[in-house]
Amino acid sequence: MGRDVTAKEYTRTDHTRYRNAVRRCLDTLEQMLDAKSFVEEEWRTGVEIELNLVDEDMGPSMNNDVVLEHIDDPNYTTELGKFTIELNVEPRRIDGQSLLTLESAVRRNLNRARDRAGDHGADIATIGILPTLEPPATGADWMTPNARYRQLDAAVLRARREDIELDITGAEQLRMTSDSIAVEAACTSVQLHLQVSPERFADYWNAAQVLAGPQLTLGANSPFLFGRQLWAETRTELFLQGTDARSAELRNQGVRPLVPFGDRW
């Protein structure tokens, strides 16, 4: 994870080798859990923050490559869209004043990044979906030129065998097709990571699922997409539809999407 992808296409043999590698990793993880190899007494948290780059008119600034080069910080990386970047906050223990120091560190880091982005006519905006976005003419107009994203895009479209269809009805309705998963780049988020002891993982997973609804309600901040007023929190449906590898027939049969909410929790 995090390594650049160099291959332009993958064979059936490559996919088989990958599946076997995943199985080996899962077997190793099971052995490590049985051997209690993980530190269980420390609580740690980390954060991923996805950020929009905007120009002076608050429109998307399609220059994440230049901005990232100028920020010159390994904790910042690309995201799917040319107008988005991601900050990875290093994990730290949760004790004493740690959350306050985490906040201070994030603020200092973001302020520095804003200054560096400003040198290239860009600013940083934190909002679920940038309301000034216009639909891309083609996915290539939005997508960061990175082999990893191109392969992901090709895999989803190959599975679908047709373009991406968006159909979201809220206060208004949005219906459109896209030749790429790049429309998903409109979604940005803050992702919190929590290290817990292995035997308590299921408890915390279940609690996180129960709290997901109230969290979405309290944090809703993406009511507009492509000039239409949709859901108060449009990201969830946009992400589902924008990355859905299932054909309409498979959806009707109840086949799970790539990122399901889960069950039996």
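Predicted model: local features only at pLDDT ≥ 70, side-chain atom pairs only at ≥ 80, totals over all residues.

Modeller: Let's start with the second largest pocket, which holds about 200 Å³ of space. Its lining has 13 residues, and the closest to the centre are E165, L166, D167, Q241 and R251. Elements giving two or more residues to that lining are β5 (164–169), β6 (173–178) and α7 (235–242).

Biologist: What makes a residue a lining residue of this pocket?

Modeller: A lining residue has an atom within 4 Å of a point of the pocket. For the second largest pocket, 13 residues line the space.

Biologist: Which residues of β6 are on the covered face, and which on the uncovered one?

Modeller: L174, M176 and S178 make up the covered face, while Q173, R175 and T177 are on the uncovered one.

Biologist: Now D244. Why is it called buried?

Modeller: The relative accessibility of D244 is 5%, and buried means under 20%, so D244 counts as buried. You'll find D244 in the loop between α7 and α8 (248–252). Neighbours within four places in sequence aside, D244 is in contact with V156, R160, I164, R251 and P257. R251 is also one of the residues closest to the centre of the second largest pocket.

Biologist: R246 is an arginine in a loop. What makes it buried?

Modeller: R246 has a relative accessible area of 12%, again under the 20% cut-off, so the label is buried. R246 lies in the loop between α7 and α8. Leaving out neighbours within four places in sequence, R246 is in contact with R160, L240, R251, V255, R256 and P257. R246 and R256 are 10 residues apart in sequence, with 8.2 Å from C-alpha to C-alpha.

Biologist: What about E90, where does it lie?

Modeller: E90 lies in strand β3, residues 84–93. Sequence neighbours within four places aside, E90 is in contact with T45 and N75. Between E90 and Y10, 80 residues apart along the chain, the C-alpha separation is 33 Å.

Biologist: Why are K36 and R161 called exposed?

Modeller: Exposed means over 50% relative accessible area; K36 has 59% and R161 has 77%, so both qualify. K36 is in the loop between α1 (12–34) and β1 (44–54). R161 is in the loop between α5 (147–160) and β5.

Biologist: What is the phi of each?

Modeller: Phi of K36 is near 55 degrees, a positive value in a residue other than glycine. Phi of R161 is near 65 degrees, also positive. As a rule, most residues other than glycine have a negative phi.

Biologist: Zooming out, how do you know that the chain agrees with a compact globule?

Modeller: With 265 residues, a compact globule would have a radius of gyration near 18 Å, and the chain has 20 Å, so the two agree. The C-alpha trace spans about 55 × 50 × 40 Å along its principal axes. The chain has eight helices and nine strands, and 34% of its residues count as buried. Among contacts between residues at least 6 apart in sequence, 70% join residues at least 24 apart.

How values were computed. Residues numbered from 1 in each chain as written. Heavy atoms only, no water. 1 Å grid on protein atoms, 1.4 Å probe; cavity = no way out; pocket = protein on both sides within 12 Å on 5 of 7 lines; lining within 4 Å. Points joined across faces, edges and corners; volume = space filled by probe spheres on them. Helix = DSSP H or I, 4+ residues; strand = E, 2+ residues; numbered from the N terminus. Buried < 20%, exposed > 50% of the residue type's maximum accessible area, 1.4 Å probe, protein only. Contact = heavy atoms within 4.5 Å. Rg over C-alpha atoms; globule rule 2.2 N^0.38 Å.
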